[in-house]
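Open the model in your viewer and keep the sequence beside it. This tour goes from one selection to the next and says what is found at each stop.

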Amino acid sequence: MMGHCDAAPEEVPEDPIQPPPIHPLRNSWTFWLCNWDSNSNNGHPLRELDTVDSAEGLFRAYSALPRPSAFGNGTDLCVFRRGIKPEWEDPNNVNGGRWVACVLKTDPGHKTTIDLYWVRLLVNSVGERFGEWNQKICGVRVRIRERVYLISLWIRHFEPVESHGLVNVGRLTKSALKIREDQTIGFRTHAFSVTIMEV
């Protein structure tokens, strides 16, 4: 008879490896690359790159792409809600507009500035930090042109009575970008592409 101390030890099951936690986003977002050079886009200016639905997916997609300052002139880099194309003709965009900030390529540190603007506005949009206007945010676009970078927050249809809320979104956009108080950003409608207000 085996004594107590001679009993076979119990096998302790190994803990299964736990997958890392996933932090879901409230909505899915799609990364787009737009090439408006007809000599190189083969008639297809829009290219869908990736769709993400978690913070981890967003970081992966962001890290896989060059920063805006690395793209050539005539390129747009965009992130829009899933199902919305980064074109003003899209039904979600056609009656809306955009808050626009400009970075001149003659400005000192312009490459660092536009790259910071991109990640700041991306995180604030996908993270839905625009309060009651979150569902009106369609996406973010950076346009790379010969003399300037244009970064914009696209907003779907709004009513004239909502102009106060629209101004608040402009202020939140300016705050997200960390633009100085003595600088302004403007709101343009897609239909006429004219600036109708500034903050």
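Begin with Lys178, which is found in the loop between H3 and S7. Helices (H or I, at least four residues) and strands (E, at least two) are DSSP runs, numbered from the N terminus. The phi angle of Lys178 is near 65 degrees, a positive value in a residue other than glycine. At 62% relative accessibility, Lys178 counts as exposed; the classes are buried under 20% relative accessible area, exposed over 50% and partly exposed in between, with a 1.4 Å probe and protein chains only.

Some notes on the model apply at every stop. This is a predicted model, in which local features need pLDDT of at least 70 and side-chain atom pairs count only at pLDDT 80 or more, while totals for chains, interfaces and linings use all residues. Residues are numbered from 1 along each chain as its sequence is written, and side-chain values use heavy atoms, with hydrogens and water left out.

Now select Glu128, in the loop between H2 and S5. Glu128 also has a positive phi, near 55 degrees, in a residue other than glycine. Is Glu128 buried or exposed? Its relative accessible area is 7%, so Glu128 is buried.

Next, colour the chain by secondary structure. The protein chain has three helices and eight strands. From the N terminus on, the elements run β-β-α-β-β-α-β-β-α-β-β.

Eight strands form an open sheet in the order S2-S1-S3-S5-S6-S4-S7-S8, with antiparallel pairing; two strands pair if DSSP finds at least two bridges between them. Strand S2 (46-54) and strand S8 (195-198) stand at the edges with a single partner strand each, so one side of each has no neighbour in the sheet. From one strand to the next, the twist averages 20 degrees. Angles run from 0 to 180 degrees between N-to-C directions, and axes are lines fitted to C-alpha atoms, for helices over the stretch in contact.

Zoom in on strand S7 (residues 186-189), which three bridges join to S8. Here Gly186 stands opposite Glu198 in S8.

H1 touches S1 and S2, and its direction makes about 145 degrees with that of S2; contact means heavy atoms within 4.5 Å. H3 touches S4, S5, S6, S7 and S8, and its direction makes about 30 degrees with that of S4.

Now select Phe80 and Trp154. Their ring centres are 5.3 Å apart and their planes are at 80 degrees, so the pair is edge-to-face. Rings of Phe, Tyr and Trp (its six-membered ring) pair if their centres lie within 6.5 Å; planes under 30 degrees apart count as stacked, over 60 as edge-to-face and the rest as tilted. Phe80 lies in strand S3 and Trp154 in strand S6, so the pair ties together parts 74 residues apart in sequence. Phe80 is buried at 0% relative accessibility, and Trp154 is buried at 2%.
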